[in-house]
Amino acid sequence: MNLGFLGLGQMGRPMARNLLRAGHSVTVWNRTRSKADELAASDRARVARSPAEAAQDAQVVLSSLANDEAVIEAVLGNGSAGEPVLAGLRPGAAHLSLSTISPALSKRLARAHADAGQRYAAAPVLGRPDAAEHGELVVLVAGPEALVEESQPLFDALGKETHYLGLEPERANLTKVAANLVMASMLEVFGEAYALAESYGVGALQLLGILEDSMLRPEALDAYGRRIASQQFEPAGFRLELGLKDVDLALAAGEAAALQMPFASVLRDRFLVAMARGLAGQDWSAVARTLPHKRAA
Ligand SMILES: NC(=O)c1ccc[n+]([C@@H]2O[C@H](COP(=O)([O-])OP(=O)(O)OC[C@H]3O[C@@H](n4cnc5c(N)ncnc54)[C@H](OP(=O)(O)O)[C@@H]3O)[C@@H](O)[C@H]2O)c1
């Protein structure tokens, strides 16, 4: 396929390279031109002087850019990136947006491309640069079914799994940020648990080894994820009131070591909300389901 590719950062460079290796003809554009020249030298990519030029001969242009601002500049225009994708892409040709951007911008892109007679799908990815390198990303795709089907060979070159999230592109972007929220929360929790352990002379790596044998086992995480998703809090494996006791114990041990544990403090409040709702005897995972929101069918 004739492809355009915008953005040769940590993720974009290995992804563009995998598309070249899969036999596609790829014209690349990057704000800092030297990165595009390097890829041209090592992998025979063609280099475009603007996003529009990268898009003009492409059946599909893919973009992997830092954030909303970068995507607005390169795809919609009115910035320093040069003529945008919107001005270069032919009617019927498509843009696949791989970046982690806001659902609102994704909606705006869908409208702008449709107004120009172009096609659009959101395809943000899960996985770090080494997964991108090995073509082992998880691709979250949403947009017109025909476009997603036609693009499957491209997703296969980038990743090991593709999940289709429906016609509205913004659903893929939302799913990506929801997944990152899980990871971001775990990062903070690791930090607080390590600090608590270290305050009492237990090494972070030793705690990690113990977690790897227990709570961090995929089946344990999966079981909690499933319980919470399906709201199956009875019978309780571990009662919520006992969970509150343990969060209190952690906070008290931290306080004795003059250790701030902001996330644990929030957790304590969340457990108190669950207690006030009468959930003391349910499984402690019920703490996750006390926030009002619209539920998917
Ligand atoms: N790194 C990860 O582990 C990871 C994993 C999954 C998803 N993501 C997402 O993938 C996207 C790319 O991430 P990355 O890690 O590759 O970031 P990165 O290494 O910082 O690369 C960012 C890319 O965006 C370009 N860019 C930044 N601002 C721009 C602007 N105003 N106009 C035009 N181009 C601009 C950069 O161009 P220059 O070369 O000129 O700076 C570069 O090509 C992000 O949305 C990120 O959230 C990242």
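**Entry 1: terms and the model**

I began by noting that buried means under 20% relative accessible area, exposed means over 50%, and partly exposed lies in between, with a 1.4 Å probe and protein chains only. I also noted that helices (H or I, at least four residues) and strands (E, at least two) are DSSP runs, numbered from the N terminus.

The model is a predicted one, in which local features need pLDDT of at least 70 and side-chain atom pairs count only at pLDDT 80 or more, while totals for chains, interfaces and linings use all residues. Residues are numbered from 1 along each chain as its sequence is written, and side-chain values use heavy atoms, with hydrogens and water left out.

**Entry 2: the sheet of six strands**

I looked up the strand order first, and found an open sheet of six strands, β3-β2-β1-β4-β5-β6, with parallel pairing; two strands pair if DSSP finds at least two bridges between them. The edges are held by β3 (46–47) and β6 (119–122), and each has a single partner strand, so one side of each is left without a neighbour in the sheet.

I then followed the bridges from strand to strand. Strands β1 and β4 run parallel and are joined by four bridges, and here Leu-6 has Ser-63 in β4 as its bridge partner. Four bridges also join β4 to β5, again in parallel; Val-60 is partnered by Ala-94 of β5, and Val-61 by His-95 of β5.

Which residues of β5 lie on each of its faces, and are they buried or exposed? I found Ala-94 and Leu-96 on one side and His-95 and Ser-97 on the other, all buried, so that both faces are covered. In a regular strand the side chains alternate between the two faces of the sheet. Strand β4 (residues 60–63) is likewise covered on both faces, with Val-60 and Leu-62 buried on one side and Val-61 and Ser-63 buried on the other.

**Entry 3: the sheet of three strands**

I next turned to an open sheet of three strands, whose order is β7-β8-β9 and whose pairing is mixed. Its edge strands are β7 (125–126) and β9 (159–164), and since each has a single partner strand, one side of each is left without a neighbour in the sheet. Strand β8 (residues 137–141) pairs with β9 in the parallel sense over five bridges, and I noted Val-141 standing opposite Tyr-164 of β9.

**Entry 4: helix α1 and the cores**

Helix α1 (residues 12–21) is mostly covered, as eight of its ten residues are buried, among them Pro-14, Met-15, Leu-19 and Leu-20. Just after α1, I found that Gly-23 takes a positive phi of about 100 degrees.

I then looked for nonpolar cores, that is, sets of buried Ala, Val, Leu, Ile, Met, Phe, Trp, Tyr and Cys residues joined through side-chain atoms within 4.5 Å. The largest has 32 residues, and those that touch the most other members are Phe-5, Met-15, Leu-19, Val-28, Leu-62 and Leu-96. Helix α8 (residues 145–158) gives the largest share of this core, six residues. A second, separate core has 25 residues, including Leu-6, Ala-81, Ala-122 and Ala-142.

Which residues does Leu-19 contact, leaving aside its neighbours within four places in sequence? Taking contact as heavy atoms within 4.5 Å, I listed Leu-3, Phe-5, His-24, Val-26, Leu-62, Leu-154, Ala-157 and Leu-158.

**Entry 5: Met-1**

Met-1 lies in the segment before β1 (2–6), and at 33% relative accessibility this residue counts as partly exposed. Leaving aside neighbours within four places in sequence, Met-1 is in contact with residues including His-24, Gln-59, Glu-150 and Leu-154. Met-1 and Glu-150 are 149 residues apart in sequence, but 11 Å apart in space, C-alpha to C-alpha.

**Entry 6: the ligand**

I noted an oxygen atom of the ligand 2.8 Å from a backbone N or O atom of Met-11, and one 2.7 Å from an N or O atom in the side chain of Asn-30. For Leu-65, a polar backbone atom is 3.0 Å from an oxygen atom of the ligand. Taken alone the ligand exposes 910 Å², of which the protein buries 79%; such accessible areas come from the Shrake-Rupley method with a 1.4 Å probe, and for residues only the protein chains shown count as cover.

Conventions: A polar contact is a pair of N or O atoms within 3.5 Å; within protein, one must be able to donate a hydrogen and the other to accept it, and residues adjacent in sequence count only if both atoms are side-chain atoms.
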